[in-house]
Amino acid sequence: MKTGFLKYSSLLFLSVLVWSVTPHLAVAQKTPAKVEVPDWALPGSATHKQVPPPLDFYRETRTSNKKIGVFEGQSDVGAALVPGSSSYNAATKQYTINSAGYNIWYTRDEFRYLWKKMDGDVSLAADINFPDKEGYLDRKAVVIIRQSLEDDAKEAMVALHGGGLLHLAWRPEKGQNLKETKVDQRGGLPASQIPNEKEIGLAKRIGIEKRGNNFALFVSMAGEPMHQVGEAIQLPFDGPFYVGIGFCSHLPDKVDTAVLSKVVLENAAGKVQ
């Protein structure tokens with residue numbers, strides 16, 4: 001009799017405990033954390049101009065040291081309001097990068113970065129594809145070399161925007177504003193070498209070369225051999241540094257996707273192809 005009473009009491013206690021905890025769990029699951037976007041991070045539009053972030057603004061980068069393809073790790077540089085993700089298809093050699101992020105510009109960056117630590121000369125190139133053709137025009141797929149994983153690190157990058165803009169950009173020192181050199185719509189090629197010149201779309205392939213302290217932009221507009229466009233810029237780096245590919249939706253709280261494939265990553269200059 002005493003044993004039965006103890007069992008009944010135990011069951012009654014557990015029932016009350018479950019009843020009291022469950023409603024709170026349900027509420028927690030149905031109430032997502034509110035994402036607040038600072039005014040400076042809102043993208044440019046007809047009614048809004050994006051401006052540099054406050055000089056003291058900082059978010060610690062989120063990093064996973066899990067290998068992905070030829071890269072040693074991946075990071076949400078600048079910790080965008082919505083976490084990014086990435087995957088690699090070994091059969092197709094495609095890297096799919098999903099990322100929010102207000103920009104890769106001004107004095108700090110927010111983007112998903114797949115990286116490898118390297119030293120010395122570097123050749124890096126990749127085919128670029130934006131699956132959603134209606135995405136924000138200023139989203140950026142990049143091949144990029146950074147001194148560190150901090151959001152305001154010294155860096156040099158070649159970026160292809162969703163609207164077709166192609167440029168070589170660099171942050172001369174930690175915390176400084178980026179500088180850039182833009183590439184004309186034909187990627188430096190004569191019109192005779194571009195099929196259907198009047199219907200030029202996005203560059204097919206972009207690349208960056210580090211030769212000593214010199215950084216140069218390479219491009220293939222329509223499948224022709226990769227070629228350098230413009231003059232190299234000079235930017236000293238301390239080794240080791242981070243080399244890799246990345247993407248930013250240019251929308252602080254909305255994720256978009258870029259697919260980068262046929263990646264060439266060599267620890268030598270003159271290998272961009």
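This is a predicted model: local features need pLDDT of at least 70, side-chain atom pairs count only at pLDDT 80 or more; totals for chains, interfaces and linings use all residues.

Reader: Which strands stand at the edges of the open sheet of 7 strands?

Author: The order in this open sheet is 3-4-17-8-13-14-15, and the pairing is antiparallel.

Reader: Which residue is the bridge partner of I206 in strand 14?

Author: Strand 13 covers residues 205–211 and pairs with strand 14 in the antiparallel sense over 7 bridges. Strand 14 covers residues 214–220. Within that strand, the partner of I206 is V219.

Reader: Is A216 buried or exposed?

Author: A216 belongs to strand 14. Leaving out residues up to four places away in sequence, A216 touches V158, G207, I208, E209, Q228 and A232. A residue is called buried when its relative accessible area is under 20%. The value for A216 is 3%, so A216 counts as buried.

Reader: How far apart in space are A216 and M157, C-alpha to C-alpha?

Author: In sequence, A216 and M157 are 59 residues apart. M157 is one of the residues of strand 10 that point one way, together with E155, A159 and H161. From C-alpha to C-alpha, the distance between A216 and M157 is 9.2 Å.

Reader: How many residues of strand 10 are buried?

Author: In a regular strand, side chains alternate between the two faces of the sheet. In strand 10, E155, M157, A159 and H161 point one way, while A156, V158 and L160 point the other way, and all are buried. The number of buried residues in strand 10 is therefore 7 of 7.

Reader: Which residue of strand 11 stands opposite M157?

Author: Strand 10 is joined on one hand to strand 9, antiparallel over 7 bridges, and V143 stands opposite V158 there. Strand 10 is also joined to strand 11, residues 166–171, by 6 bridges, again antiparallel. In strand 11, the residue opposite M157 is A169.

Reader: What is the phi of G164 in the turn between strand 10 and strand 11?

Author: Strand 10 and strand 11 form a hairpin, with 4 residues between them. G164 lies in that turn, and its phi is positive, at about 105°.

Reader: Which atom lies 2.8 Å from a polar atom of the side chain of K154?

Author: K154 is in the loop between strand 9 and strand 10. With a relative accessibility of 12%, K154 counts as buried. Its contacts beyond four places in sequence include E173, L235, P236 and F237. The atom at 2.8 Å is the backbone oxygen of P236.

Reader: Which residues touch the most other members of the largest nonpolar core?

Author: In soluble globular proteins, nonpolar side chains tend to be buried together. The largest nonpolar core here has 39 residues. Apart from it lies another core of 19 residues, among them Y106, V142, A169 and L178. In the largest core, the residues that touch the most other members are I208 and I245.

Reader: What is the phi of Y106?

Author: Most residues other than glycine have a negative phi. A79, in the loop between strand 2 and strand 3, has a positive phi near 45°. Y106 lies in the loop between strand 5 and strand 6 and is buried, with a relative accessible area of 16%. The phi of Y106 is also positive, near 50°.

Reader: Is the peptide bond from G239 to P240 cis or trans?

Author: Most peptide bonds are trans. P240 lies in the loop between strand 15 and strand 16. The bond from G239 to P240 has an omega near 0°, and its form is cis.

Notes. Residues are numbered from 1 along each chain as its sequence is written. Side-chain values use heavy atoms; hydrogens and water are left out. Helices (H or I, at least four residues) and strands (E, at least two) are DSSP runs, numbered from the N terminus. Buried means under 20% relative accessible area, exposed over 50%, partly exposed in between (1.4 Å probe, protein chains only). A polar contact is a pair of N or O atoms within 3.5 Å; within protein, one must be able to donate a hydrogen and the other to accept it, and residues adjacent in sequence count only if both atoms are side-chain atoms. Contact means heavy atoms within 4.5 Å. Two strands pair if DSSP finds at least two bridges between them. A nonpolar core is a set of buried Ala, Val, Leu, Ile, Met, Phe, Trp, Tyr and Cys residues joined through side-chain atoms within 4.5 Å.
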